[in-house]
Amino acid sequence: MQAFSQIKEAEWRIQVTDSYVCIDLETTGLDPKRDKIIEIGAVKVEAGQVMAQWERFVNPRRKLEERIVELTGIRDEQLMDAPTIGEILPEFLDFVEDRVLLGHGVLFDFSFLKKAAVNERMTFERQGIDTLRIARKYLQDLESRSLGYLCQYYQIPHRAHRALEDAKATAALYGRFARDFYEKEEQEGDKSLFRPKQLLYQAKRDTPLTIPQKEKLYKLMDKHKLVIDYESLTRSEASRKIDQLLAKYGR
């Protein structure tokens, strides 16, 4: 990557973290307890150079809201035959290995991945670096610190709201931040935003819907001539679905 090449050619030497996996997700919403991953993008960087990239669609087993379709350009038919998160996670974890995670708002992406891992009875703990936190500290005068705005500001090529493109743009942005802010930030010592920190998110495994919930959903479907894939619902999702159906159709 050009940004890190410029760093290496500089007269001064730095010890910035330059080997990591930069990740980005597209999701059905903002809440990892309720929403699902629909796309994962990741780039593996070693010594500042992109060595590999990985992207997959994920079937969320639910219909996308129109606002998500408009935001990402991803449509239901693209996800229909995609693997589920449980099928994809082992492959993703093999790609990531035990590397530091980088992201723009990395805790958001980590929280979804950890929730998915917990649901599959997998362990997922990582350290991370957040380019958004760096931007908030050093670019306070800008009107936005969104990835899209920062890429425009630094003239970094970027196709917004697609996971792999966002991951590649974030890696390039990190290289620019390292060049511009690393020396100043290292004065913070262990508090330096360029030093990986443990990512913390408490996730509980979803429990399957209960037999009474199945019976209630079946009765509502039969009465109102509905088709619902309720077998894939969790207990909390089934509860919300029942409440929605009762509010719309009555008992």
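This is a predicted model: local features need pLDDT of at least 70, side-chain atom pairs count only at pLDDT 80 or more; totals for chains, interfaces and linings use all residues.
Tyr 182 belongs to helix α8 (residues 163–185), whereas Phe 194 sits in the loop between α8 and β6 (197–198), so the pair ties together parts that are 12 residues apart in sequence.

## Helix α7 and its buried face

Helix α7 spans residues 147–154, and its buried residues are Leu 147, Leu 150, Cys 151 and Tyr 154. When the helix is seen down its axis, these buried residues fall within an arc of 100°, so they line one face of α7. An α-helix has 3.6 residues a turn, so residues three or four places apart point the same way.

After α7 comes Gln 155, a residue whose phi is positive, near 60°.

## Salt bridges

Side chains of opposite charge can pair when their charged atoms come close. Across the whole structure, a search finds 20 salt bridges, and one of them joins the side chains of Glu 125 and Lys 114, with a distance of 2.9 Å from N to O. Glu 125 lies in the loop between α5 (106–119) and β5 (127–130), while Lys 114 lies in helix α5 itself, so this pair ties together parts that are 11 residues apart in sequence. The two partners fall into separate accessibility classes, since Glu 125 is partly exposed, with a relative accessible area of 38%, and Lys 114 is buried, with a relative accessible area of 10%.

Another salt bridge is made by the side chains of Arg 179 and Asp 180, at 3.5 Å from N to O. In this pair Arg 179 counts as partly exposed at 29% relative accessibility, and Asp 180 is likewise partly exposed, with a relative accessible area of 31%. Glu 186 forms a salt bridge with Arg 195, and the closest N and O atoms of that pair are 2.9 Å apart; Arg 195 is partly exposed, its relative accessible area being 30%. Elsewhere, salt bridges that share partners join Asp 35, Lys 36, Arg 62 and Glu 237 into one network.

## Arg 162 between α7 and α8

Arg 162 lies in the loop between α7 and α8. At 13% relative accessibility, Arg 162 counts as buried, because this value is below the cut-off of 20% for a buried residue.

Leaving aside residues up to four places away in sequence, Arg 162 touches Asp 24, Glu 26, Glu 39, Phe 57, Thr 72 and Ile 74.

Terms used
Residues are numbered from 1 along each chain as its sequence is written. Side-chain values use heavy atoms; hydrogens and water are left out. Helices (H or I, at least four residues) and strands (E, at least two) are DSSP runs, numbered from the N terminus. Buried means under 20% relative accessible area, exposed over 50%, partly exposed in between (1.4 Å probe, protein chains only). The arc is that of the directions from the helix axis to the C-beta atoms. A salt bridge is a side-chain nitrogen of Lys or Arg within 4 Å of a carboxyl oxygen of Asp or Glu. Contact means heavy atoms within 4.5 Å.
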